Amino acid sequence: MKKLVLLISVSFFCLGATPQKYSQLAKTPPMGWNSWNKFGCNVSETRILGMADALVSSGLKDAGYEYVVIDDCWQVSRDENGEIVVDKERFPHGMKYLADYVHSKGLKFGIYSCAGTLTCQRRPGAFGHEYQDARTYARWGVDYLKEDWCNSSTQDAKSSYTNMRDALFAAGRPIVLSLCEWGANKPWEWAGTVGHLWRTTGDISDSWNSMINIFSLQKDLARYAGPGHWNDPDMLEVGNGRMTIEEYKTHFSLWCMLAAPLMAGNDLQNMSVEHKSILTNKEIIALDQDSLGRQATCYRDNGDYQIWVKQLVGNEKAVCLLNKSDEKKTVLVDFALLSQIGAGRRSGSTQLKLEDYRVRDLWDHKDLTLKEPSMYIELIPHSVKVFRFIKK
Ligand code: GLA
């Protein structure tokens with residue numbers, strides 16, 4: 001009898017469960033590594049195993065990077081039952097083997113598909129196979145799915161991605177759903193209940209102009225981000241070689257100010273000390289991973305010179321001074337004023353003053369010695385200064 005009651009209640013639960021996204025995932029922006037920016041279609045089992053090892057040995061795992069994601073080109077066709085077929089030459093042991101290895105390192109495993117009929121590299125897409133693929137991914141032990149938007153013809157974006165959300169839910173394994181429709185259908189307006197992150201723009205490339213243009217497009221999106229639902233300005237280019245160290249520091253700082261997903265996209269097995277120290281700056285990463293989950297807003301916009309502010313838990317905040325220009329700038333910064341912005345009203349907390357904080361430079365890893373409430377700060381071209389107002 002007891003067994004019967006259990007069976008009935010289990011079936012009732014399974015049949016009656018409303019499809020939804022796994023809401024307990026991505027409470028802070030997902031962090032990890034993705035193959036696309038550096039390797040494109042040149043992915044293989046050896047490479048992914050090597051990256052999982054390097055994620056651990058480089059210290060990136062300790063800094064919070066968790067997901068190892070294979071982007072496009074791991075799949076070649078579908079078999080007579082419609083099952084997705086893995087490229088056997090590149091991945092001789094299949095995907096479950098990789099997932100198990102990645103898990104054995106204390107990391108999580110991610111994969112790529114596309115809502116259209118074909119991926120952007122013309123491999124089989126998920127269209128019409130969503131439930132079948134979701135079951136396959138669950139069987140393999142996938143933890144993260146990036147779903148692209150190529151070859152989607154007249155498909156409706158919201159219903160296509162909702163279909164994959166429901167398929168993942170039905171497959172029963174919690175999988176982060178990363179929407180990659182490039183902001184084409186304003187996903188920030190509808191994707192909060194569909195996925196955990198959504199691309200807001202076209203693809204990033206490893207150049208200052210690409211990075212800073214994408215950053216500028218995030219300006220009005222702050223209100224859509226929060227725990228479990230993030231704007232995604234695309235993956236990191238830090239370490240890929242076509243920006244200067246200063247520009248990579250700026251790129252990384254801005255992404256952390258935006259509470260952006262932090263997907264490293266460089267060759268972790270051949271990483272310079274400077275690039276590694278950018279990707280593992282824990283004080284900057286702490287801004288990104290702050291549990292309040294607020295995206296920074298632009299407080300002052302003087303064109304080439306901007307001030308961005310990100311509210312943090314416990315009435316703390318991060319302030320980022322950005323010099324977008326090709327020339328050095330010397331700016332008079334009023335720390336007393338900065339200490340007061342943002343607090344109060346929304347958080348319901350009392351207004352704090354400069355005396356209540358120490359101000360820490362998160363790239364110099366030093367507290368500022370403020371003789372006056374205002375101070376001249378020098379910003380070299382394409383650079384940032386990032387300060388954290390830490391409560392005393
Ligand atoms: C699109 C995506 C990229 C990458 C490629 C793979 O361009 O936006 O991030 O996944 O497809 O083909």
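## The second largest cavity

Lining the second largest cavity are Q20, K21, Y22, R165, L168, I175, L177, V194 and H196. A cavity is a set of points on a 1 Å grid over the protein atoms alone where a 1.4 Å probe fits but cannot get out, and lining residues have an atom within 4 Å of a point. The model is predicted, with local features needing pLDDT of at least 70 and side-chain atom pairs pLDDT 80 or more, while totals for chains, interfaces and linings use all residues. Residues are numbered from 1 along each chain as its sequence is written, and side-chain values use heavy atoms, without hydrogens or water.

The second largest cavity holds about 30 Å³ of space, a volume being the space filled by probe spheres set on points joined across faces, edges and corners. Its lining consists of five nonpolar, two polar and two charged residues (Ala, Val, Leu, Ile, Met, Phe, Trp, Tyr, Cys and Pro are nonpolar; Asp, Glu, Lys and Arg charged; the others, including Gly, polar).

## The largest cavity

The structure contains two cavities of 30 Å³ or more, and the largest cavity has about 100 Å³ of space. Its lining is made up of N34, V69, Y144, K146, S178, L197, R199, D232, D234, M235, P261 and M263.

By class, the lining of the largest cavity has six nonpolar, two polar and four charged residues.

## The ligand and its pocket

The ligand sits in the second largest pocket, with more than half of its atoms within 2 Å of the grid points as the criterion. A pocket is an open set of points with protein on both sides within 12 Å along at least five of seven lines. About 180 Å³ of space lies in this second largest pocket. Its lining has 16 residues, and W36, D71, K146, D148 and D203 are the ones nearest its centre. Helix 2 (36-39) and strand 6 are the elements giving two or more residues to that lining. Seven of the pocket's lining residues are nonpolar, two polar and seven charged.

Around the ligand itself, with a heavy atom within 4 Å as the cut-off, are W36, D71, D72, Y112, C120, Q121, K146, D148, C180, W182, R199 and D203. This shell comprises five nonpolar residues, one polar and six charged. K146 places a side-chain N or O atom 2.8 Å from a ligand oxygen. For D148, a polar side-chain atom is 2.8 Å from an oxygen atom of the ligand, and for R199 the corresponding distance is 3.2 Å. The ligand taken alone exposes 310 Å², of which the protein buries 94% (Shrake-Rupley areas, 1.4 Å probe). K146 and R199, both in the ligand shell, also line the largest cavity.

## The H93–E45 contact

H93 is in the loop that links strand 4 (84-86) to helix 5 (94-104). E45 is 48 residues from H93 along the chain, yet their C-alpha atoms are 7.9 Å apart.

The side chains of H93 and E45 form a polar contact of 2.8 Å. Such a contact is a pair of N or O atoms within 3.5 Å; within protein, one must be able to donate a hydrogen and the other to accept it, and residues adjacent in sequence count only through side-chain atoms on both sides.

Terms used: Helices (H or I, at least four residues) and strands (E, at least two) are DSSP runs, numbered from the N terminus.
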